[in-house]
Amino acid sequence: RCVHLDDNEDNVDDVDDFAALVASCDTIVSIDNTTVHIAGALGKECHVLLPFTGEWRWGENGTATSHWYPSLRLHWQDELFDWEGCLKSLAAEMLE
């Protein structure tokens, strides 16, 4: 597995290059941000780590898939401020 970080990437002013970077990934793991929306729009496999009280767009806590992007898998905190359950869910799914 490889993680590529490019300090020269301009994710705000050069959306085309940012989308190309996301498209080049096999799988994306991220918190709720622009990256997951670009991944979803491109149909890329993406795992989203969400807090216990996530935003309305992701549905109710525990919802496993996104209403907006079928390629996203949602991993929720089981308890407020506790990422352990969220990360265990991610690990279990990534090892399948």
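Helices here are DSSP runs of H or I with at least four residues, strands are runs of E with at least two, and both are numbered from the N terminus. Just after α2, G43 takes a positive phi of about 75°. Keep in mind that you are looking at a predicted model, in which local features need pLDDT of at least 70, side-chain atom pairs count only at pLDDT 80 or more, and totals for chains, interfaces and linings use all residues. Residues are numbered from 1 along each chain as its sequence is written, and side-chain values use heavy atoms, with hydrogens and water left out.

Let's stay with α2, which spans residues 34-42 and has V36, I38, A39 and G40 as its buried residues. Buried means under 20% relative accessible area, exposed means over 50%, and partly exposed lies in between, with a 1.4 Å probe and protein chains only. These buried residues of α2 pack against α1, β1, β2 and β3. From the α1 side, A19 is in contact with I38 and L42, leaving aside its neighbours within four places in sequence; contact means heavy atoms within 4.5 Å. A19 and T35 are 16 residues apart in sequence, and their C-alpha atoms are 8.5 Å apart in space.

Stepping back, the protein has three helices and three strands, which follow the pattern α-β-α-β-β-α along the sequence. Of its 96 residues, 28% count as buried. Among contacts between residues at least 6 apart in sequence, 37% join residues at least 24 apart.

Now follow strand β2 (residues 45-50), the place of H47. H47 counts as buried because its relative accessibility is 1%. Beyond its neighbours within four places in sequence, the contacts of H47 include T27, I28, V29 and S30, as well as R73, H75, L90, E93 and M94. The side chain of H47 makes polar contacts with the side chains of E45, at 3.2 Å, and H75, at 2.9 Å. A polar contact is a pair of N or O atoms within 3.5 Å; within protein, one must be able to donate a hydrogen and the other to accept it, and residues adjacent in sequence count only if both atoms are side-chain atoms.

L90 leads us on to helix α3 (residues 84-94), where the buried residues are G85, C86 and L90. Seen down the axis of α3, these residues fall within an arc of 140°, so they line one face of the helix; the arc is that of the directions from the helix axis to the C-beta atoms. Their cover includes β1, β2 and β3. Between L90 and H47, 43 residues apart in sequence, the C-alpha distance is 7.3 Å.

C25 lies in the loop between α1 (15-23) and β1 (27-31) and counts as partly exposed because its relative accessible area is 27%. The C-alpha atoms of C25 and C46 are separated by 9.7 Å, with the two residues 21 apart along the chain. In the loop between β2 and β3 (72-76) you will find F52, which is partly exposed at 34% relative accessible area.
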